[in-house]
Amino acid sequence: MSRSDDSARVWQRMLSGRRLDLIDPSPLDIEISDIAHGLARVARWNGQTTGDFAFSVAQHSLVVERIVADREDDPRWCMAALLHDGPEYVIGDMISPFKSIMGGAYKGVEERLSCAIHLRFGLPATLPKPVHKAIKKADHISAYHEATILAGFSTAEALRFFGSPDGATLDASLFEPLPARQVEALFIERFMEIDRRLIAARG
C-alpha cells in the first residue's frame, strides 16, 4: 500500500491542524486539545447508557484517574491514568467483544498510538507492570460502576465481567453523563493540574 495513494490515506486531520499517521504516529503530531475534544465525544458502551448525554471516554478517564490518584502520588502515573484510553480519540471506543473479533491488527494500532501519546507527554513508552496493573484495576472499577449505574448490568453480571470493585465506593454523581463541552473542559483542566505537578517534580 503506497502512502502517496490518496485513496489509501492512513492519516487523520485533527482540529488543531495536525495530521496524525495511524501506521507510524509521531508524538509531535499529538495535541492534548485534540485528545480532550475527541474523547469527550466518544461514547462508552456504544452509547447504550441511560441519561440525556452519552457517557464519554473522557468522563470515564477522569474517574479512572481519580481512583489512581487516591492511591498513587506520582504525577506520572496519574497522567498515565488520565491518558489510558488516549488512542480512542483516533480509533474510537470499541467494546471488548469487538476487540476480540478484530484481534492483533487493532491491538497493534492501539499500542503504537499509546506509545506516541506517552512520549509526547513525558511518560515511558511502556508503563512499569505494577503501574499498568493499577490502572487496569481502576479501569475495571469504573467499568463495574458504569455497568450497574448506566448500562443495565445486574450486580452479578458486572462482577463476572469486571471483577469486584474491592470495596471502592464511588459517588454516583461521577457517573452522571455530562455534555461534551463540559467534559472536554474538565479533562483539559485536570491534565493541566497534573502537568504542573510533573514540571515541578522535574525541577
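Is the crossing of H2 and H9 left-handed or right-handed? Please set the answer in the context of the other helices that pack against H9 and of the pocket lined in part by H2 and H9.

Analyst: The model is predicted, and what follows is computed from it. The crossing of H2 and H9 is left-handed. Helix H2 spans residues 57–69, while helix H9 covers residues 180–202. The two pack at an angle of about 35°, and their axes lie 9 Å apart. On the H2 side the contact is made by Ala58, Gln59, Ser61, Leu62, Glu65 and Ala69, and on the H9 side by Val183, Leu186, Phe187, Arg190 and Ile194. Sorted by class, this contact has 7 nonpolar, 2 polar and 2 charged residues.

H2 and H9 also take part in the second largest pocket, each supplying at least two residues of its lining. The volume of this pocket is about 260 Å³. H2 provides the largest share of the lining, 6 residues. By class, the lining has 6 nonpolar, 1 polar and 5 charged residues.

Helix H3, residues 75–82, packs against H9 at an angle of about 155°, with the axes 9 Å apart. Because an angle over 145 degrees counts as roughly antiparallel, H3 is roughly antiparallel to H9. The crossing of H3 and H9 is left-handed. From H3, the residues Pro75, Arg76, Cys78, Met79 and Leu82 meet Phe187, Arg190, Phe191, Ile194, Asp195, Arg197, Leu198 and Ala201 of H9. This contact of H3 with H9 comprises 9 nonpolar and 4 charged residues, with no polar ones.

Helix H1, residues 32–39, packs on H9 at an angle of about 140°, with an axis separation of 8 Å. That angle makes H1 oblique to H9. The crossing of H1 and H9 is right-handed. H1 contributes Ile32, Ser33, Ile35, Ala36, His37 and Leu39 to the contact, and H9 contributes Glu184, Phe187, Ile188 and Phe191. The residues of this contact divide into 7 nonpolar, 2 polar and 1 charged.

Returning to the point raised, the crossing of H2 and H9 is left-handed, as is that of H3 and H9, whereas the crossing of H1 and H9 is right-handed.

Methods. Residues are numbered from 1 along each chain as its sequence is written. This is a predicted model: local features need pLDDT of at least 70, side-chain atom pairs count only at pLDDT 80 or more; totals for chains, interfaces and linings use all residues. Side-chain values use heavy atoms; hydrogens and water are left out. Axes are lines fitted to C-alpha atoms, for helices over the stretch in contact, and angles run from 0 to 180 degrees between N-to-C directions. Helices (H or I, at least four residues) and strands (E, at least two) are DSSP runs, numbered from the N terminus. Angles under 35 degrees count as roughly parallel, over 145 as roughly antiparallel, 65 to 115 as roughly perpendicular and the rest as oblique. A crossing is left-handed if the near helix is turned anticlockwise from the far one by less than a right angle, and right-handed if clockwise. Contact means heavy atoms within 4.5 Å. Ala, Val, Leu, Ile, Met, Phe, Trp, Tyr, Cys and Pro count as nonpolar, Asp, Glu, Lys and Arg as charged, and the others, Gly among them, as polar. On a 1 Å grid over the protein atoms alone, a cavity is a set of points where a 1.4 Å probe fits but cannot get out, and a pocket is an open set with protein on both sides within 12 Å along at least five of seven lines; lining residues have an atom within 4 Å of a point. Grid points are joined across faces, edges and corners, and a volume is the space filled by probe spheres set on the points.
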